[in-house]
Amino acid sequence: MQDINFIANYYLGTKAYTIFMLKTLFKTEETDYIKNKNYQTAAQVGFISNILLSIKEDLVENTGNLIYESKLYKHILDQNIQKIATKTKDGYEIDNYTFKDAPTIIATIRNKLGHGDFTIDYDNEKLTLHIEGKPVSIKIRNLTSFIIKANLDQLV
């Protein structure tokens, strides 16, 4: 169960962005919501989540038994995944957790975001996934860069 403050910040981040867009598009009254750094971070995670949920099937495919294969050229996915992971002899590592391959990383992140199995470290601007009882943290800025690049690559 998520902490109520986490849920409130996540919601308020999306609200801040919505109010900002309404103000920008329709010249509604001024608000300070968008100036709150935590709300900006929460909104960013919300948009990362929405984008990844919508493009995951264009990036990787579950071939059965939770085995994932890339739908992009392997070298492109491997190159992009290094924005958030370090290649090792055993696969890819994020925050001392080893994934067997790049498609598994994408599927895991998508599933954790989709099922709300994560928290946001606002002070350090990191997304923490809960994998096998272990916290695995990713810099939100790096994850954003990965999602943008992966989205562009799947369009080509």
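Before going on, some ground rules. This is a predicted model: local features need pLDDT of at least 70, side-chain atom pairs count only at pLDDT 80 or more, and totals for chains, interfaces and linings use all residues. Residues are numbered from 1 along each chain as its sequence is written, and side-chain values use heavy atoms, with hydrogens and water left out.

Now the overall picture. The protein has five helices and eight strands. Both are DSSP runs numbered from the N terminus: helices are H or I with at least four residues, strands are E with at least two. Along the sequence the pattern reads α-α-β-β-α-β-β-β-α-β-β-β-α. Of the 156 residues, 40% count as buried. Buried means under 20% relative accessible area, exposed over 50%, and partly exposed in between, using a 1.4 Å probe and protein chains only. Take contacts between residues at least 6 apart in sequence: 53% join residues at least 24 apart. Contact here means heavy atoms within 4.5 Å.

Back to the sheet. Three strands form an open, antiparallel sheet in the order S3-S4-S5. Two strands pair if DSSP finds at least two bridges between them. Which strands stand at the edges? They are S3 (86-88) and S5 (97-99); each has a single partner strand, so one side of each is left without a neighbour in the sheet. The twist averages 40° from one strand to the next. Axes for that angle are lines fitted to C-alpha atoms, for helices over the stretch in contact, and angles run from 0 to 180 degrees between N-to-C directions.

Go through the pairings. S3 and S4 are antiparallel, with three bridges. They form a hairpin with two residues between them. S4, residues 91-94, is also joined to S5 by three bridges, again antiparallel. Tyrosine 92 has phenylalanine 99 of S5 as a bridge partner. Glutamate 93 stands opposite threonine 98. S4 and S5 form a hairpin too, with two residues between them, and aspartate 95 in that turn has a positive phi of about 50°.

Look at glycine 91, in strand S4. Is glycine 91 buried or exposed? Its relative accessibility is 8%, so glycine 91 counts as buried. Leaving aside neighbours within four places in sequence, glycine 91 is in contact with Thr86, Phe99 and Lys100. Threonine 104 lies 13 residues from glycine 91 in sequence, and 10.0 Å away in space, C-alpha to C-alpha.

Next, the aromatics. Rings of Phe, Tyr and Trp (its six-membered ring) pair if their centres lie within 6.5 Å; planes under 30 degrees apart count as stacked, over 60 as edge-to-face and the rest as tilted. By that rule there is one aromatic pair. The rings of tyrosine 97 and phenylalanine 99 have centres 4.9 Å apart and planes at 65°, so this pair is edge-to-face. Both tyrosine 97 and phenylalanine 99 are buried.

Last, helix H4, residues 102-114. At 1.5 Å a residue, its 13 residues should span 18 Å, and the end C-alpha atoms are 18 Å apart, which agrees. The expected span is 1.5 Å times one less than the number of residues. H4 is mostly covered, with 11 of its 13 residues buried. Among them are Ile105, Ile106, Ile109 and Leu113. After H4 comes glycine 116, with a positive phi near 70°.
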